[in-house]
Amino acid sequence: MAGMQAQLARRSPTTRDEEADPLDTTADVETPEHVRFRYRTAGPARRAAAYLVDLMVRAVIISVFGFLALIGGASLGEEGIGGVGIGLLLTLYFLVEWFYYVVSETLMGGRSLGKRALRLRVVKQSGVPLSFSDSLLRNLLRGADLLPNFYLVGMIVMGRDRYFRRLGDMVAGTLVVSEESSRVREPLMIHPPPTAKELSRIPARPGLSADEVEALELFVGRFGQLSPARQEELADLVAPTLADRLGLRYRSAARFLGLLYFRETRGVLPEESQPPRPTPNLADYGPGFQPPPQPGQGWP
Amino acid sequence: MIGRDEFVAKRSARWDELERLLVDKGLHRLPPATISRIAALYRSICADLMRARSLGIGADVTGHLDVLASRAHNVLYAPKPYRLRALWELVLFGFPRAFRANWRFNLLAFVLFYLPFVVGILGALHSTEFAEGILPRSMLRGMEEAYSHGFDDGRATGADAAMAGFYVHNNVGIAFRCFSTGILFGFGSMFFLVYNGLVTGTVLGHVMHVGHGVNILTFVCGHSPFELNAIVIAGGAGLQMGYALVRTDGLTRTASLRRRAPELFAQISGAAFMLLIAAFIEGFWSPSSIPPPVKWGFAGVMTILVLLYLLLFGRQRTRPVKAKPGRKRGDSADAPPPSSRMSSPPPSSRMSTPPVSAPPPSFASPRQGG
C-alpha cells in the first residue's frame, strides 16, 4: 500500500502517463497485430523452486539409468564392476548435467519438468517460443550463472534486472514468465450496496489511471479478509491523496475507496437519471486553462 | 461507457472457447478448421484486451486476457522447427565461417592456452619442483603410473569405455566452462584457458621428465588436435562475449550480447562437435595396441584435417566484396558475417516484431567483473 501511495503521489493530476512503470514485474510484448500483451516475469524464488524440482528429476534419472548401466556393465562380466558401465554412467552424467534443460525445454515448449510444475515457461523476449539454439545458449551459460556457488552470480544479475533475467537469458534473449491459471472473477460487490446518496458525492468518472483502478480492485477484493479497523488503516494511506486530487471529502476511507472503485468500473446506476456533473477544480489543470465549452455553447 | 459486467457477459463465451481449444498439443496436429478458429479467436481477444485496458476494466479481466493472448500467441507464432540438417550444415560450414570471422579472438585464445602450455612443459622438464608447485604430488604420481608402460597390449575394452566416458565428462565440461565464464567480461575464459593450458602442459612435461615421454606422446597425439583446439575455440567464443560487453557499438550491453548469439551458437556447437570426435578417438583409438608409427601418421592426418576444416570449409564461391568495388571499407566490420545465414535467424526478425525495449545496462556494473 505504501508503494501505491508513492505511485499516486508521483502522478501529477493532469498527466496520465501510460508509460509509467507498472506496479508488477511484467514484460510487454508487441505482436505483429500491434497488440501489446503482458507477461508476468518469474522471480528468483519461484525459479529456484523449479530448479530444485529439476534437480530431483535429474537425480532420479541418473540414479535409475546409472544403476541399470552399472548392472548392464557388470553382467558383461569383465573386471568386477564393468568399465563399460562406468563409461556409460559418466557419459550419462555429462549429458544430464549439460543437456537436460536443452532437451526438455526444446521438446516441451520452453518448460522443463520443474518449470511445468511451477507453471513457468521460457519464451523469447519477442514473445515467441524459444528455439533450440536459444535454449542451448541460455543453458550453457549456467556455467557462469552458478558461479561461485548456488547461482550467486545469477541471483545478483537477476535481482538487478527488471525482467529477472540471468546471464544466460540475456545472451539468448529469453525471459522466464509465469503462467497463472487465470479466470474472470465474479464482479466485486461492496457491502452494503452503495446508495444513490453516497454515489452522488462521487463523480461518475473519477478519472483514475488503470494502475490505480487495479490497485483499488486488489484492495476492495480483500475487504472480506480484513477487519474493518484494518481496512480503514490501509485505506488511510491512499485515500487522502486521491481525495485531494479529486477535490472530494469522505467520512470513511475504506468506504470512499470502495465507492471510487464502484464508480470507475460500474459507471452509473440505472436509477440515477441525471448524474451530477463534477465541478472541475480549474487550478488543477494548470494556469491559463480554458474550460471546455459546455454542450450547446459553441459546438456546431 | 460500457461497464465491466456487460463487457464480460458479452465477450466471455469467446474467451472460454479459446481456452478450450488451447491444448498442449502441437498446432499442426489439430484439424485445419480448429487452427483457423484459434487464429480468429486470438485476434478477437487481442482486440478485447486492448479495449478492456483502455476502459479500465478490472485487473482480473485484463490479466485473464493477457494470459489467454500470450498462450495463443505462443501457439500460433512457433519458431521454425530446427532440423537436424540445419544443425549439420551449421557445424560443417557455419562454424568454420564464424571461426574465421572472429580470428582475432581465436588467436588470442590460442596464445592464452598454448603459451602456458609450453611454459608448463618446459618448466616440468626442467625440475620436478615446478610440477609439484602446480599439481599435487599424488596426482603426478598417478600420471606417472598411468603412462609407465605403453599401450602395446592395448587396454581392456571395458576400461576404454570407462575412459571415453570420463573424457566426455571432463573435457567437454572444461570447454563449456571456458565458454560460459567468458560473460564475466572475458576474465573467466582467460582464467580457464591459462589454467588448463598450464595444467595440461605440466602433466605432459612431468611424464616426459620421468622418462615415459614416448608413451604419453603416442597416446595423446591422436586426439589432441581436436581436443585442445576445441577448448581454444570455446574459450575464444567466451572472449567474444566479454568483448561484446565492452564494445557495444552504441547498443545496450544486452543487445550487444544478443547480436553475437548466432555466431556464438555456431562456434560452441562446432567446438562440441570436435570434442565429441576427440572423446571417441581418446577412448578407443589412442589406448589401442596399434603400433606407434601408425598412430603418429594418424595424428598428422588429423592435424591437417582440422586445419583444412577450420580454414577452408564453408567458403563462399562468389565473393560479394569484389563484386561491389564501390563498397566502403567500414561496412564489413558491421555487416553480419555470412555465417548468420546458416544459423536460424531469430524469429523476431521474421515477424518484424521489435524486441522488448532493452533496459539500461544495469547488470554491467564493474563489481561483478571477474
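This is a predicted model: local features need pLDDT of at least 70, side-chain atom pairs count only at pLDDT 80 or more; totals for chains, interfaces and linings use all residues.
Visitor: At about what angle to E2(A) does helix H3 of chain B run?
Guide: Residues are numbered from 1 along each chain as its sequence is written, while chains are lettered from A and ligands numbered from 1 in the order in which they are written. Helices (H or I, at least four residues) and strands (E, at least two) are DSSP runs, numbered from the N terminus. Helix H3(B), residues 59–76, lies across E2 and E3 of chain A, and its angle to E2(A) (from 0 to 180 degrees between N-to-C directions, with axes fitted to C-alpha atoms, for helices over the stretch in contact) is about 95°.

Visitor: Which strands stand at the edges of the sheet in chain A?
Guide: Four strands form this open sheet, in the order E1-E2-E4-E3, with antiparallel pairing (two strands pair if DSSP finds at least two bridges between them). An edge strand has a single partner, so one side is left without a neighbour in the sheet; this holds for E1 (26–30) and E3 (120–124) of chain A.

Visitor: How many bridges join E1(A) to E2(A)?
Guide: Ala27(A) stands opposite Tyr39(A) in E2(A), and Thr26(A) opposite Arg40(A). The two strands run antiparallel, E2(A) covering residues 36–41, and the number of bridges joining them is five.

Visitor: Which residue takes a positive phi in the hairpin of E1(A) and E2(A)?
Guide: Five residues lie between the two strands. The phi is near 60°, and the residue that takes it is His34(A).

Visitor: Why does Thr41(A) count as buried?
Guide: Thr41(A) lies in strand E2 of chain A. Beyond four places in sequence, Thr41(A) touches residues (C-beta atoms placed from the backbone, within 7 Å) including Thr25(A), Leu175(A) and Tyr163(A). Tyr163(A) is 122 residues away in sequence and 6.1 Å away in space, C-alpha to C-alpha. Thr41(A) counts as buried because its C-beta neighbours inside 10 Å number 21.

Visitor: How far apart are the axes of H4 and H12 of chain B?
Guide: Chain B has 16 helices and zero strands. Residues of H4(B) (84–101) that meet H12(B) (253–285) include Leu90(B), Gly94(B) and Phe99(B). The two helices pack at about 115°, and their axes are separated by 8 Å.

Visitor: Which helix of chain B has the lowest mean pLDDT?
Guide: Chain B averages a pLDDT of 79, and pLDDT stays under 50 over residues 323–370. Helix H5(B), residues 103–126, has the highest mean among the elements, 94. The lowest mean, 41, belongs to residues 347–351, helix H16(B).

Definitions and conventions:
pLDDT is the predictor's confidence in each residue, from 0 to 100. Two residues are in contact if their C-beta atoms, placed from the backbone, lie within 7 Å. A residue is buried if 20 or more other C-beta atoms lie within 10 Å of its own, exposed if 12 or fewer, and partly exposed in between; C-beta atoms are placed from the backbone.
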